[in-house]
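Here's a walk through the inside of this protein, starting with its greasy parts and ending at a ligand. Have the viewer open as you read.

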Amino acid sequence: MRYAMAIDTKKCVGCSDCVVACQKENNVPDGFCREWVVESVSGTYPSLELEYRSERCHHCDNSPCVRCCPTGASHIEEGGVVLVTHDKCIGCGACVASCPYDSRYPHPDGYIDKCTFCIHKVRKGEQPACVEVCPTNCLYFGDLDDPNSEVSRKVKERKYKRLKTEAGTDPQLYFLI
Ligand code: SF4
Ligand code: SF4
Ligand code: SF4
């Protein structure tokens with residue numbers, strides 16, 4: 001089992017409904033986020049291309065945030081999901097500094113927080129909140145080890161890119177291009 005997410009940049013319209021759903025589902029405090037949308041322009045005038053990317057923690061296979069955590073609060077759970085045990089976290093911020101994607105933030109309650117792939121919903125057989133609300137259905141979450149899962153099929157059928165692979169983190173967000 002290897003949970004992963006594919007994000008179709010050709011279908012994303014940058015509405016940020018996913019961000020709002022994430023804030024609400026996970027009680028993310030005002031001024032912080034587990035998820036955000038990047039607007040990226042490439043090419044040269046007049047052939048400019050606009051890309052929207054819904055971004056969050058990449059649940060890296062080789063995660064520096066887990067390696068550097070002095071208390072074991074940051075850890076890997078079933079399906080490769082990277083989580084933080086709140087009561088083991090001392091808020092030192094080593095993981096925040098080690099993440100090449102700026103995926104973590106300091107929660108006002110004293111621990112470090114980030115995307116959990118909504119594992120509390122996934123364990124109940126539901127989809128992550130961001131996936132559920134996306135009006136263009138451009139987010140695909142599931143088991144990459146299952147060749148019949150939608151995320152597997154998208155990654156197999158489409159061209160994709162992963163971000164900052166030079167950091168050696170083996171990120172598990174696949175941006176379909
Ligand atoms: Fe893109 Fe879907 Fe998020 Fe809207 S809800 S920004 S279309 S990923
Ligand atoms: Fe850790 Fe950052 Fe990778 Fe998430 S994106 S697993 S916080 S290194
Ligand atoms: Fe937020 Fe859950 Fe989506 Fe992660 S999977 S960005 S925690 S809604």
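A nonpolar core, as the term is used here, is a set of buried Ala, Val, Leu, Ile, Met, Phe, Trp, Tyr and Cys residues joined through side-chain atoms within 4.5 Å. Buried, in turn, means under 20% relative accessible area. Keep in mind that this is a predicted model.

With that in hand, the largest nonpolar core comes to 26 residues. Tyr-3, Met-5, Phe-117, Leu-139 and Phe-141 are the ones with the most contacts inside this core. Who supplies the residues? At least two each come from S1, helix H1 (17-25), H4, helix H5 (129-133), S8 and strand S10 (173-176). The most comes from S1, which gives three residues. Apart from this core there's another one, of nine residues, including Cys-65, Val-82, Val-84 and Ile-112.

Now for the rings. The structure holds four aromatic pairs, and two of them are set out here:

| Pair | Centre to centre | Angle between planes | Arrangement |
|---|---|---|---|
| Tyr-3 and Phe-141 | 5.1 Å | 20° | stacked |
| Phe-117 and Phe-141 | 5.0 Å | 75° | edge-to-face |

Are its members buried or exposed? Tyr-3 has 12% relative accessibility, so it counts as buried. Phe-141 is buried too, with a relative accessible area of 9%, and Phe-117 is buried at 1% relative accessibility.

Setting aside neighbours within four places in sequence, Phe-117 is in contact with Tyr-3, Ala-4, Met-5, Arg-56, His-59, Val-81, Val-122, Pro-128, Phe-141, Gln-172 and Leu-173.

Phe-117 also turns up at ligand 3. Which residues surround this ligand? Along with Phe-117, they are Cys-22, Asn-26, Arg-34, Glu-35, Arg-56, Cys-115, Thr-116, Cys-118, Pro-128, Ala-129 and Cys-130. Sorted by class, the shell around ligand 3 has seven nonpolar, two polar and three charged residues. Arg-56 and Pro-128, both part of that shell, are also among the contacts of Phe-117.

Technical notes: Residues are numbered from 1 along each chain as its sequence is written. Chains are lettered from A and ligands numbered from 1 in the order in which they are written. This is a predicted model: local features need pLDDT of at least 70, side-chain atom pairs count only at pLDDT 80 or more; totals for chains, interfaces and linings use all residues. Side-chain values use heavy atoms; hydrogens and water are left out. A residue is near a molecule or strand if one of its heavy atoms lies within 4 Å of it. Ala, Val, Leu, Ile, Met, Phe, Trp, Tyr, Cys and Pro count as nonpolar, Asp, Glu, Lys and Arg as charged, and the others, Gly among them, as polar. Rings of Phe, Tyr and Trp (its six-membered ring) pair if their centres lie within 6.5 Å; planes under 30 degrees apart count as stacked, over 60 as edge-to-face and the rest as tilted. Buried means under 20% relative accessible area, exposed over 50%, partly exposed in between (1.4 Å probe, protein chains only). Helices (H or I, at least four residues) and strands (E, at least two) are DSSP runs, numbered from the N terminus. Contact means heavy atoms within 4.5 Å.
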